[in-house]
Amino acid sequence: MQPLNTIVFQTPTVRVGAFRCPVGDARFQNTGPIDEPIVVFPRSAVWIRHAGSRAFVADPGIVTIYNRGQEYTRAPLARDGDRSDWFAVAPEMALALACELDPAAADRPDRPYRAEWTPSDSEIYLRQRWLFRRFERGGVDILEGEESVLGLVAEVIRRSAGPSRTVRPSRPTAEAHRDLAQRARAELARDPTASTDLTTLARRLEVSPFHLCRVFRAMNGTSLHDYRIELRLRLALERLADRLTDLSRLAFELGFSSHSHFTQTFKARLGVTPSALRLQLQLGQKGRNGRNSRTSRKVGLS
């Protein structure tokens with residue numbers, strides 16, 4: 001039988017895949033219990049009924065949510081069956097994420113996610129489609145991929161919990177958050193070219209991956225991946241003036257997947273390609289208004 005899932009991105013802590021099950025497949029009604037905590041973005045419409053619950057319509061207007069071991073059945077609606085894309089995190093990460101949003105989740109470690117589904121607006125649907133297509137094309141940095149999946153799942157679970165009241169952290173908590181953000185920056189700055197994954201980084205800092213992502217963004221206004229990219233670009237700027245520097249070699253030495261990835265990232269963030277900027281530096285030229293294009297714009301590295 002054809003596999004129902006196609007994995008497009010996978011690390012020890014997150015997985016992303018596409019699920020495709022035609023109506024005529026013998027497994028359509030019941031594909032067995034869920035293997036891992038996942039959030040699912042339907043691309044067609046089916047009836048879903050979790051064991052012990054009422055049936056609901058799973059269509060592109062919602063995100064369905066499953067805990068590990070969840071049993072459920074489906075019934076057909078769309079002619080092409082069940083088409084969906086899903087994002088999963090490891091059970092321990094799902095529990096840590098849920099506890100950050102709902103401390104009571106610690107009392108139900110086998111069922112950290114409480115909701116069966118939550119509405120999906122255009123913004124989050126587009127966000128997951130864009131992310132999924134990037135994984136399909138390949139070449140996504142491990143840290144960026146893990147951080148993106150965790151952020152997407154966290155947003156789905158946050159939305160499923162309904163409106164929340166913002167609580168200002170106590171002074172000791174705020175100080176702990178500042179300390180964590182600084183230690184994380186130190187880890188990234190120690191070797192910006194290293195391909196460190198989120199789980200390893202969080203383990204070094206003795207916190208959960210979700211807590212690290214949330215606190216780092218709150219304290220620095222950017223993600224861990226984006227911060228590391230900016231550090232790599234700073235290193236690139238240090239070496240571009242040397243006309244003997246091979247740009248392809250420089251790209252790999254800085255941790256970029258390819259010369260084109262380096263060039264695209266450089267231009268997107270600084271407004272000029274590495275080769276063009278190197279020529280400007282060699283000729284002593286500047287961009288308009290006395291600046292090298294947009295290289296002086298604020299990039300959140302305060």
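Me: What is the volume of the largest pocket?
Reply: The model is predicted, so local features need pLDDT of at least 70 and side-chain atom pairs pLDDT 80 or more, while totals for chains, interfaces and linings use all residues. Residues are numbered from 1 along each chain as its sequence is written, and side-chain values use heavy atoms, without hydrogens and water. A pocket is an open set of points on a 1 Å grid over the protein atoms alone where a 1.4 Å probe fits, with protein on both sides within 12 Å along at least five of seven lines; lining residues have an atom within 4 Å of a point. Volume is the space filled by probe spheres set on the points, joined across faces, edges and corners, and for the largest pocket this is about 1600 Å³.

Me: Which residues are the closest to the centre of the largest pocket?
Reply: Its lining has 48 residues, divided into 17 nonpolar, 17 polar and 14 charged. The closest to the centre are Arg127, Glu147, Gly151, Cys213 and Arg217.

Me: Which helix supplies the largest share of that lining?
Reply: Helices are DSSP runs (H or I, at least four residues), numbered from the N terminus. Those that each supply at least two residues include H2 (122–137), H3 (142–160) and H6 (209–220). The largest share, 8 residues, comes from H3.

Me: What is the volume of the second largest pocket?
Reply: The 24 residues of its lining include Asn5, Phe19, Ile34, Ile38 and Tyr72, the closest to its centre. By class, 14 are nonpolar, 5 polar and 5 charged. The volume is about 420 Å³.

Note on methods
Ala, Val, Leu, Ile, Met, Phe, Trp, Tyr, Cys and Pro count as nonpolar, Asp, Glu, Lys and Arg as charged, and the others, Gly among them, as polar.
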